[in-house]
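Here is a short report to read alongside the sequence and the model. It starts with the overall layout and then turns to two places worth a look.

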Amino acid sequence: MFLFLLITMVVVVGAVTLAVLGGGDSAALPDTAPEQLVDPLPDTRPIGRADVEAVRLPVSLRGYRMADVDDVLARLGAELAERDARIAELESALAGAQATAVGGPDLFAKPGEEPHGE
């Protein structure tokens with residue numbers, strides 16, 4: 001009985017070892033092509049919320065591919081910096097227009113009347 005158990009155990013360990021190691025070239029899985037980033041961010045218009053939500057970064061063996069993440073973040077950072085500069089420019093122009101309007105002639109005076117306070 002002991003000899004039968006020993007032989008059975010050797011056969012099971014051998015079968016498991018062959019299964020783990022692949023058992024030959026025909027049983028090996030084919031290599032898969034690495035995922036590539038499909039850049040959904042538009043070049044022809046400003047980036048919107050839906051564009052950012054559509055970004056799906058490919059996963060590699062140890063997580064996300066750093067080069068793809070860096071590219072997307074650099075692009076989003078440049079877009080945000082451009083928008084911030086445009087907002088600051090418009091706010092400055094608005095403040096200048098408001099200062100001119102407040103410091104200019106009396107807004108409530110009728111045409112041809114003298115401004116109040118002079």
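## Layout of the chain

Helices here are DSSP runs of H or I with at least four residues, and strands are runs of E with at least two, numbered from the N terminus. In this predicted model, the chain has 3 helices and 2 strands. Read from the N terminus, their order is α-α-β-β-α.

## Surface and contacts

Of the 118 residues in the chain, 8% are buried. The exposed surface comes to about 10,300 Å², with 65% of it supplied by carbon and sulfur atoms.

What about contacts between residues at least 6 apart in sequence? Within the chain, 43% of these join residues at least 24 apart.

## Helix α1

Helix α1 covers residues 2–21. With 20 residues at 1.5 Å a residue, α1 should span 28 Å, and its end C-alpha atoms lie 29 Å apart, which agrees.

Does α1 lie largely in the open or under cover? The number of buried residues among its 20 is 0, so α1 lies largely in the open.

## A closer look at E79

E79 belongs to helix α3, which takes in residues 66–103. Is E79 buried or exposed? Its relative accessible area is 17%, and because buried means under 20%, E79 counts as buried.

Which residues does E79 touch, once its neighbours within four places in sequence are set aside? E79 is in contact with P46 and I47.

Notes
Residues numbered from 1 in each chain as written. Predicted model: local features only at pLDDT ≥ 70, side-chain atom pairs only at ≥ 80, totals over all residues. Heavy atoms only, no water. Buried < 20%, exposed > 50% of the residue type's maximum accessible area, 1.4 Å probe, protein only. Contact = heavy atoms within 4.5 Å. Areas by Shrake-Rupley, 256 points an atom, 1.4 Å probe, with all protein chains shown as cover. Expected span 1.5 Å × (residues − 1).
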